[in-house]
Amino acid sequence: MSLNGYRTAFVTGASSGIGAGLCKRLAEHGLEVVLAARREVELRALADEIEASGGKARVCPLDVADPQAVVETMHRVDDELEGIDLVVANAGVGKSRWSGKLRWDDCAPTIAVNVAGATATLTALVTRMVKRERGHLVGVSSLAGHRGLPRNAAYSASKAFLSTFLESLRVDLRSTALTVTDIQPGFVKTPMTEGNPRMPFLMEVDRAVQEIVDAIAARKGVHAFPLPLALGVRSMGTLPNAIYDHLVQRVR
């Protein structure tokens, strides 16, 4: 599908995994991509790879756990590029821990990045986009946000927040020229998922990236994948708590 009309993109979590793959694919479609993440060395290597293939990329070292820095940085880059057309809040972290040993210190980084960081990224330019009557906001949430998963209380809750936040943005902005897309992947083979003991329907990064690019091009409101896992997760949302609790404990 075509991404015609998009000149520029700002992608967080761009240094590896889905973020890096998405930046390369967007650049192939002719967008100038702003690569945002904490790891500057990895960002510069990615920018070199994109430019060696004929694309355009800008390196933007940024810790999305600092919302004020996110807003200030995005305003500056938006001015420099005369408008960012596509914003992708992709940065995410997670830590697995049994709730009986859970502490605030275990939850704080997940909330800082997945909730505060994503919110800052998605709202930094929204008033500007509404004024200039163009723009696409994309958040990468997760199928894990549909129900609370064992040993993933903070992660599941953070992704549930992001999906609900994106839904409210979508209905509020329906009367404007803006598009809002909630991307809900299952398990993707990235550094973040390394070591997970059970990952049904595990996808390679390239396939996941293609799903995301197609959803962006189609201006979809929500895109959950892979389909078999998405259907299974959605069906679990209808289960009574007693049955759900029993099933996930057995799977774990």
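On a 1 Å grid over the protein atoms alone, a pocket is an open set of points with protein on both sides within 12 Å along at least five of seven lines, and its lining residues have an atom within 4 Å of a point. By that rule, and with a volume taken as the space filled by probe spheres set on points joined across faces, edges and corners, about 180 Å³ of space lies in the second largest pocket. The model is predicted, so local features need pLDDT of at least 70 and side-chain atom pairs count only at pLDDT 80 or more, while totals for chains, interfaces and linings use all residues. Residues are numbered from 1 along each chain as its sequence is written, and side-chain values use heavy atoms, with hydrogens and water left out.

**The second largest pocket**

- The lining of this pocket is formed by Gly21, Lys24, Arg25, Ala27, Glu28, Glu49, Ile50, Ser53, Gly54, Gly55, Asp206 and Val209.
- At least two lining residues come from each of α1, α2 and α7 (205–217), where helices (H or I, at least four residues) and strands (E, at least two) are DSSP runs numbered from the N terminus.
- The most is given by α1, with five residues.
- By class, the lining divides into three nonpolar, four polar and five charged residues, with Ala, Val, Leu, Ile, Met, Phe, Trp, Tyr, Cys and Pro counted as nonpolar, Asp, Glu, Lys and Arg as charged, and the others, Gly among them, as polar.

**The contact of α1 with α2**

- The axes of helix α1 (residues 17–28) and helix α2 (residues 40–52) come within 10 Å and cross at roughly 25°; axes are lines fitted to C-alpha atoms, for helices over the stretch in contact, and angles run from 0 to 180 degrees between N-to-C directions.
- The two helices α1 and α2 are therefore roughly parallel to each other, a term for angles under 35 degrees.
- The crossing in which α1 passes α2 is right-handed, that is, the near helix is turned clockwise from the far one by less than a right angle.
- Ala20, Cys23, Lys24 and Ala27 of α1 meet Leu46, Glu49 and Ile50 of α2, contact being heavy atoms within 4.5 Å.
- The residues of this contact comprise five nonpolar, no polar and two charged.

**The contact of α3 with α4**

- The axes of helix α3 (residues 67–80) and α4 come within 9 Å, crossing at roughly 20°, and α3 and α4 are therefore roughly parallel to each other.
- Here too the handedness is given, with α3 passing α4 in a right-handed crossing.
- Pro67, Val70, Val71 and Met74 of α3 make the contact with Ala116, Ala120 and Thr121 of α4, and these residues divide into six nonpolar, one polar and no charged.

**The cavity**

- The structure holds one cavity of 30 Å³ or more, a cavity being a set of points where a 1.4 Å probe fits but cannot get out.
- The largest cavity, with a volume of about 30 Å³, is lined by Lys95, Arg97, Leu102, Asp106, Cys107, Arg151, Asn152, Ala153 and Ala154.
- Two or more residues of that lining come from each of α4 (104–123) and α6 (153–172).
- The lining of the largest cavity divides into four nonpolar, one polar and four charged residues.

**Backbone details in loops**

- The peptide bond from phenylalanine 225 to proline 226 is cis, with omega near -5°, and proline 226 lies in the loop between β7 (222–225) and α8 (227–236).
- Glutamate 82, a residue other than glycine, has a positive phi near 55° and is found in the loop between α3 and β4 (86–89).

Methods:
Parallel < 35°, antiparallel > 145°, perpendicular 65-115°, else oblique.
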